[in-house]
Structures are given as structure tokens and as C-alpha cells.
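Dear colleague,

Please find the structure below, together with its sequence. My notes on what was found follow directly after it.

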Amino acid sequence: MKQSILAIKTLKEAPKDEESVNAILLTRAGFIDKLAAGIYSFLPLGLRTLRKIENIIREEMEALGAQEILMPALQPKENWAKTGRWDSLDVLFKLKGVGDKDFALGSTHEEIVSPLAKKIVLSYKDLPFALFQIQTKFRNEPRAKSGLLRGREFSMKDLYSFHANQVDLDKYYQQATQAYFKIFDRCGLGEATYLTAASGGSFSKYSHEFQTVSPAGEDTIFICNNCKKLAINKEIMNETPACPTCNGMGFDEAKAIEVGNIFKLGTKYSVPFELTFKDEKGQEQPVIMGCYGIGPSRLMGTIAEISHDEKGLIWPESVAPYKYHLLVLGDDEEVKAAADTLYEELIDNKLEVLYDDRSLPAGQKFAEADLIGLPWRLVISAKTLKEKSLEFKKRTDDNQNAKLIKITEAIKKLK
Ligand code: ATP
Ligand code: MG
């Protein structure tokens with residue numbers, strides 16, 4: 001992609017109406033644009049990053065044997081009335097359709113997926129299976145000041161699993177936990193993310209959250225300082241003075257962002273929707289369910305929160321909108337031609353590159369490249385061309401650590 005035609009404008013200053021680090025940096029770097037509190041457009045660079053995160057999640061869901069579907073965001077009141085959540089879920093957006101019919105905008109999909117599964121499941125032979133979607137959710141969040149961390153319209157991956165018995169659910173829950181850790185590892189958040197016991201399991205003592213340590217987090221967690229594997233959400237700390245994994249009694253307190261959340265739902269939704277199956281003896285039994293959420297847009301905000309410096313964003317390679325940022329300096333025709341040729345070669349070799357081909361001062365190009373935060377910077381100037389070379393450095397390297405590589409060897413080296 002040539003920056004001369006890229007539809008973004010970067011900003012030198014923080015936008016006045018943003019408080020959070022992620023929103024300030026992502027807006028300044030031209031990844032997102034705010035429409036209203038908690039409501040953002042994803043611009044070309046931002047959408048590429050969001051899609052990369054979603055694709056990592058999609059791959060890990062498919063590896064878990066889950067099947068992708070897409071359910072409606074516009075949902076009739078009847079489904080929500082059945083579980084009582086039409087009245088009890090305060091973040092539900094409600095609206096009127098023709099004939100004064102009531103609808104909700106989907107904030108989660110248990111009320112939709114349960115009656116859908118009822119049409120698929122007849123007997124124990126139809127179980128187990130799991131369905132997931134990556135979809136826009138709507139929640140009338142009272143506080144929406146944290147940029148992508150708390151949207152009123154946001155992206156969610158929600159997975160629902162259906163089982164004939166508790167043992168099968170427990171097994172899948174473990175596998176889903178491992179899949180979640182793979183996702184956070186691949187997004188560069190693995191080290192900072194803790195499996196965290198939380199209240200709210202309707203079928204088990206705990207539900208589990210995945211909490212990424214960051215000062216921007218709204219939650220407080222206690223990380224077991226013995227096994228360092230498990231944390232406990234502060235909300236339930238009083239009841240559980242010992243680590244559920246190793247029985248350790250010492251904890252380190254930290255602020256954290258809830259990036260994912262998994263629940264053993266049991267029969268909470270299968271009962272109201274009469275989602276049952278015939279067991280081996282021909283007896284009608286309620287299906288046992290699990291649900292597993294993750295927020296791709298919140299993940300993107302979390303990466304921005306924990307991976308940046310005073311100059312701008314620092315994207316992990318796996319989710320960077322492009323891997324390489326090629327900059328051409330000066331207006332010399334020969335230099336420009338060399339950069340144009342390298343750009344074409346990078347594309348021919350399927351290497352993802354953003355090319356700053358604009359006529360701008362070098363300082364401005366460097367500053368913007370640091371702000372956007374692609375993993376590798378390549379510079380061609382009159383000085384490097386004298387050596388038949390380009391300058392090559394990692395976003396996190398100092399300028400002094402930039403290396404010269406021969407242009408003729410560039411493709412081979414970069415590959
Ligand atoms: P929170 O306690 O932060 O409001 P939640 O418990 O309501 O989260 P879930 O309903 O379990 O979250 O949603 C699953 C996942 O969707 C969360 O783990 C999070 O990653 C993401 N998510 C939830 N609410 C939002 C939001 N308002 N904006 C962006 N992502 C969200
Ligand atoms: Mg919530």
C-alpha cells in the first residue's frame with residue numbers, strides 16, 4: 001500500500017475528547033475514528049489489524065473443532081423475554097420495528113443460539129458440537145471512556161458448546177482454555193495474561209476470565225505468587241483466600257483488562273428454550289452448555305495499551321497491519337526509482353509492505369513510522385543508495401542500531 005493514497009491522516013497531538021492511551025494512540029496513528037462515545041470506525045490500517053486478530057481467533061476455534069456461523073444482531077423481544085433478560089440486562093439496546101414490535105440489538109447470543117440448537121439436536125448422537133461467530137455486539141455501557149476497551153458497538157467472538165453430560169463439558173472447557181492461551185500468545189499478550197477465577201459460574205464454583213495486566217484495566221486481580229499460574233478476581237477474594245490451583249496463600253495485586261471470559265452454563269439456557277436430547281435409554285434430558293467469549297476489538301485496544309513507547313505504537317508481527325514500512329527519503333529520481341522497484345519486488349514476493357512514497361521531510365516520515373508502529377523499517381535515501389543498500393531496523397531498535405543491507409539481497413534476507 002502506498003501511503004500517498006492511504007486514506008488516513010495522522011495527528012501530532014492527542015484528540016481532545018479521548019482519555020485512554022489506546023484511543024489516543026490509535027486515533028493519532030489513523031487506525032480508528034470516533035463517531036460517539038464507545039463507537040468507532042476502523043480505518044484501513046485499523047481494519048487490517050482487527051481482521052488479523054479475528055483470523056488468529058478463527059484458526060484456533062477451528063482447531064478446537066468449532067463451526068463458524070453468523071447469527072442476527074437484530075433480535076425479537078420474545079427470545080429475551082423467555083429468559084427474563086429483556087428486563088434484567090440493563091445494557092440491552094431496545095428498539096421498535098414496524099407494527100410497534102419490540103427488538104433488541106444483540107449484546108450476546110445465548111437467547112438466539114439455544115433455540116437454534118434445538119432445531120439441530122434430537123438425540124445423544126447429535127452431541128457434542130460447538131458453534132462460534134465473530135460478530136458486532138451492542139451494549140449500552142454506562143462508562144464508555146476507554147476507547148476500544150469498552151465499546152458500545154464492538155467485535156466479539158462468542159463460542160457455544162453443547163454436551164450430553166458434565167464430563168464432556170469439563171473436557172471441552174479445558175481444551176477451550178488452552179485454545180484461549182494460544183490466541184493470547186499469538187497476539188503477543190501471552191506473558192501478561194492470567195487465567196483468573198471469578199464468580200458467576202452457574203454450574204461450577206467459578207467462571208474463568210483471562211486478564212491481561214495493564215494499568216488501564218478496570219479489574220483488580222490477585223496473582224498467586226507461588227504458582228504464578230492463576231489469579232483471582234478481587235470481587236471473590238473474600239471467599240477464597242487460597243489459590244485454587246496450588247493452595248498458595250500469597251498474592252500480588254494488579255490492575256488488569258478482561259480480554260476473555262469462559263462459563264459453564266450448564267442447563268441455564270437449555271431449560272427455558274426446551275433444548276433437550278433423548279439419551280441412550282430414550283429419556284429426555286436437558287443439553288449441557290458452555291459459552292466462551294473474547295473481544296477482538298478489546299484485544300486490539302489491549303495490545304495498544306501494553307505495547308507502545310513515547311513515539312507511538314509497537315505492533316507484534318502477527319497483528320501488525322503490514323510487516324514492513326518502506327520509506328524513501330528526498331526527491332532524487334534515481335532514489336525514488338530504486339524504492340519503487342523494491343516496493344514492487346516486496347509485493348511480488350507476498351511480503352506485506354506500507355510504502356511511504358510521499359514528498360515529505362525525513363523527520364516527519366520517521367515520526368509517522370514510529371507512531372504507526374510497524375515491526376520493521378526499511379529506508380532508501382541518496383546516502384544508502386551510494387552503498388547500493390537500504391537501511392533496516394526493528395521498530396524497537398535505536399536508530400544507531402540500523403543496519404545496511406544490499407538492495408540485491410534484500411528480498412532474500414527479508415523472507
Ligand atoms: P466486562 O466485565 O468487561 O463488561 P463482560 O463480563 O460483560 O465484560 P462478556 O459478556 O463475557 O464480558 O463478553 C465476552 C468478551 O467480550 C469480554 O471478555 C471482552 O473481551 C469483550 N467485551 C465485553 N464487553 C465489551 C465492550 N463493551 N467493549 C469491547 N469488548 C467487550
Ligand atoms: Mg460487561
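Pro128 lies in the loop that joins α5 (110-118) to β7 (129-138); helices here are DSSP runs of H or I with at least four residues and strands are runs of E with at least two, numbered from the N terminus. The peptide bond from Leu127 to Pro128 is cis, with omega near -5°. Although Asn247 is not a glycine, its phi is positive, at about 70°.

This is a predicted model, in which local features need pLDDT of at least 70 and side-chain atom pairs count only at pLDDT 80 or more, while totals for chains, interfaces and linings use all residues. Residues are numbered from 1 along each chain as its sequence is written, chains are lettered from A and ligands numbered from 1 in the order in which they are written, and side-chain values use heavy atoms, with hydrogens and water left out.

Ligand 1

Ligand 1 is surrounded by 16 residues, counted when one of their heavy atoms lies within 4 Å of it. The closest are Arg139, Glu141, Arg150, Gly151 and Glu258.

- A polar side-chain atom of Arg150 is 2.8 Å from an oxygen atom of ligand 1.
- A backbone N or O atom of Gly151 is 2.9 Å from a nitrogen atom of ligand 1.
- A backbone N or O atom of Gly295 is 3.0 Å from an oxygen atom of ligand 1.

Helix packing

Axes are lines fitted to C-alpha atoms, for helices over the stretch in contact, and angles run from 0 to 180 degrees between N-to-C directions. Angles under 35 degrees count as roughly parallel, over 145 as roughly antiparallel, 65 to 115 as roughly perpendicular and the rest as oblique.

Helix α2 (residues 44-63) packs against helix α6 (residues 166-186) at about 155°, with the axes 10 Å apart. The two helices are therefore roughly antiparallel to each other. Contact, meaning heavy atoms within 4.5 Å, is made by Ile56, Ile57, Glu59, Glu60 and Met61 of α2 with Ala179, Tyr180, Lys182, Ile183 and Arg186 of α6. These residues divide into 6 nonpolar, no polar and 4 charged, where Ala, Val, Leu, Ile, Met, Phe, Trp, Tyr, Cys and Pro count as nonpolar, Asp, Glu, Lys and Arg as charged, and the others, Gly among them, as polar.

For helix α8 (residues 333-348) and helix α11 (residues 407-414), the axes come within 11 Å and cross at roughly 25°; α8 and α11 are therefore roughly parallel. Leu342, Glu345 and Leu346 of α8 meet Ala410, Ile411 and Leu414 of α11, and this contact has 5 nonpolar, no polar and 1 charged residues.

Helix α1 (residues 21-28) and helix α7 (residues 296-306) have axes that come within 8 Å and cross at roughly 95°, which makes α1 roughly perpendicular to α7. Val21, Asn22, Leu25 and Leu26 of α1 make the contact with Met300, Gly301, Ala304 and Glu305 of α7. By class, the residues are 5 nonpolar, 2 polar and 1 charged.

Yours sincerely

Methods
Polar contact = N/O pair within 3.5 Å; in protein donor to acceptor, adjacent residues only side chain to side chain.
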